[in-house]
Amino acid sequence: MIKVIGLSKVYGSGPAAVTALNNVTVEIETGEFVAVMGPSGSGKSTFLSILGCLERPTSGQYYLDGRDVSSLDEDELASLRNRQFGFIFQTFNLLPRYDILRNTELPLVYANAGRKERRARAQELLARVGLAHRLKHKPPALSGGEQQRAAIARALVNDPTVILADEPTGNLDTRSSHEIMKIFTELHREGRTIVLVTHEPDIARYAGRILLFRDGAVVGEGLKE
Ligand code: ADP
Ligand code: MG
């Protein structure tokens, strides 16, 4: 379970200080599928970065499965991040010079997995997202929807319990968007926790719960009936 209490994040200091998050208290159950909505600049990406241990809060507490994340040092944080979280971004963040098989394997290279095991795992996941016939293609040769599917395969390679997706359909056409959301729905059915930022009500509808952010705070919450 994810539990944050009175979470705040301030960037910069003095007159240049920007409060990105202001006293956010939220619980997300294991296996929940939550959509985060709100206007641009309302703190959605900052919230996701802190959940994923990419950034630390300025104040407040964060408990992940009962563990106080603020007590972890940088190495422990990095290890937690690699084991528990899969990240998916609007811009895919694939390396353009490597084929998607290599892109998908990369997190396992950092995890010191053997070459054969890496290959097999990456191939299995790329097949799962419908890219078995594209293994040797480099990202620029693929459509946006295909690139995002490759990015999902890469995010799954360490078998994360939590998927954090920041506007994953923001650069995609409607049809590709719904294909991507079908994959998220399957990941949710497998028991993974999903926190997904989106501007689009049609996309938020796939989640079981919506958190509405404004000016760095959660101002509304909706459960799907
Ligand atoms: P959203 O994802 O909802 O658009 P963000 O979390 O990206 O919002 O940003 C919230 C606020 O924090 C914005 O005012 C943004 O300009 C500011 N901000 C975000 N990241 C940084 C940063 N690294 N340095 C300074 N200000 C930042
Ligand atoms: Mg954002």
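**Helix 6.** I began with the buried residues of helix 6. They are Ser-176, Ser-177, Ile-180, Met-181, Ile-183, Phe-184, Thr-185 and Leu-187. I kept in mind that this is a predicted model. An α-helix has 3.6 residues a turn, so residues three or four places apart point the same way. I used that as background while reading the list.

Next I checked the length of helix 6. It has 16 residues, and at 1.5 Å a residue they should span 22 Å. The end C-alpha atoms are 23 Å apart, so the two values agree.

Then I looked at both ends. At the start of helix 6, a side-chain oxygen of Asp-173 comes to within 3.1 Å of the backbone nitrogen of Arg-175. After the helix comes Gly-191, and its phi is positive, near 100°.

**Helix 5.** I ran the same length check on helix 5, residues 144–156. Its 13 residues should span 18 Å at 1.5 Å a residue, and the end C-alpha atoms are 18 Å apart, so this agrees.

How many residues of helix 5 are buried? I found 12 of 13, so I noted the helix as mostly covered. Among the buried ones are Glu-146, Arg-149 and Arg-154, which sit in the list with Ala-150, Ile-152 and Leu-156.

What covers the buried residues of helix 5? The cover includes strand 6 (85–89) and strand 7 (162–166). It also includes helix 3 (100–110), helix 4 (115–128) and helix 6 (174–189). That took me back to the helix of my first entry.

**Ligand 1.** I turned to the ligand and listed the residues around it. They are Tyr-11, Val-18, Ala-20, Pro-39, Ser-40, Gly-41, Ser-42, Gly-43, Lys-44, Ser-45 and Thr-46. I sorted this shell by type and got four nonpolar, six polar and one charged.

A backbone N or O atom of Ser-42 is 3.1 Å from an oxygen atom of ligand 1. For Gly-43, a backbone N or O atom also lies 3.1 Å from an oxygen atom of the ligand. Ser-45 uses its side chain: an N or O atom there is 2.9 Å from an oxygen atom of ligand 1.

How much of ligand 1 does the protein bury? Alone, the ligand exposes 560 Å², and the protein buries 59% of that. Two elements give two or more residues to the shell: strand 2 (18–28) and helix 1 (44–51). Helix 1 has the largest share, three residues.

I picked Ser-8 in strand 1, residues 2–11. Is Ser-8 buried or exposed? Its relative accessibility is 13%, so it counts as buried; the cut-off is under 20%. Leaving out residues up to four places away in sequence, Ser-8 touches Leu-21, Asn-22, Asn-23, Pro-57, Thr-58 and Ser-59.

Asn-23 lies in strand 2. Its relative accessible area is 53%, so Asn-23 is exposed; that takes a value over 50%.

**Positive phi.** I also checked backbone angles. Most residues other than glycine have a negative phi. Asn-23 is not a glycine, yet its phi is positive, about 60°. Asp-65 is not a glycine either, and its phi is positive at about 50°.

Where does Asp-65 lie? I found Asp-65 in the loop between strand 4 (59–64) and strand 5 (67–68).

How values were computed:
Residues are numbered from 1 along each chain as its sequence is written. Chains are lettered from A and ligands numbered from 1 in the order in which they are written. This is a predicted model: local features need pLDDT of at least 70, side-chain atom pairs count only at pLDDT 80 or more; totals for chains, interfaces and linings use all residues. Side-chain values use heavy atoms; hydrogens and water are left out. A residue is near a molecule or strand if one of its heavy atoms lies within 4 Å of it. A polar contact is a pair of N or O atoms within 3.5 Å; within protein, one must be able to donate a hydrogen and the other to accept it, and residues adjacent in sequence count only if both atoms are side-chain atoms. Accessible areas come from the Shrake-Rupley method with a 1.4 Å probe; for residues, only the protein chains shown count as cover. Helices (H or I, at least four residues) and strands (E, at least two) are DSSP runs, numbered from the N terminus. Ala, Val, Leu, Ile, Met, Phe, Trp, Tyr, Cys and Pro count as nonpolar, Asp, Glu, Lys and Arg as charged, and the others, Gly among them, as polar. The expected span of a helix is 1.5 Å times one less than its number of residues. Buried means under 20% relative accessible area, exposed over 50%, partly exposed in between (1.4 Å probe, protein chains only). Contact means heavy atoms within 4.5 Å.
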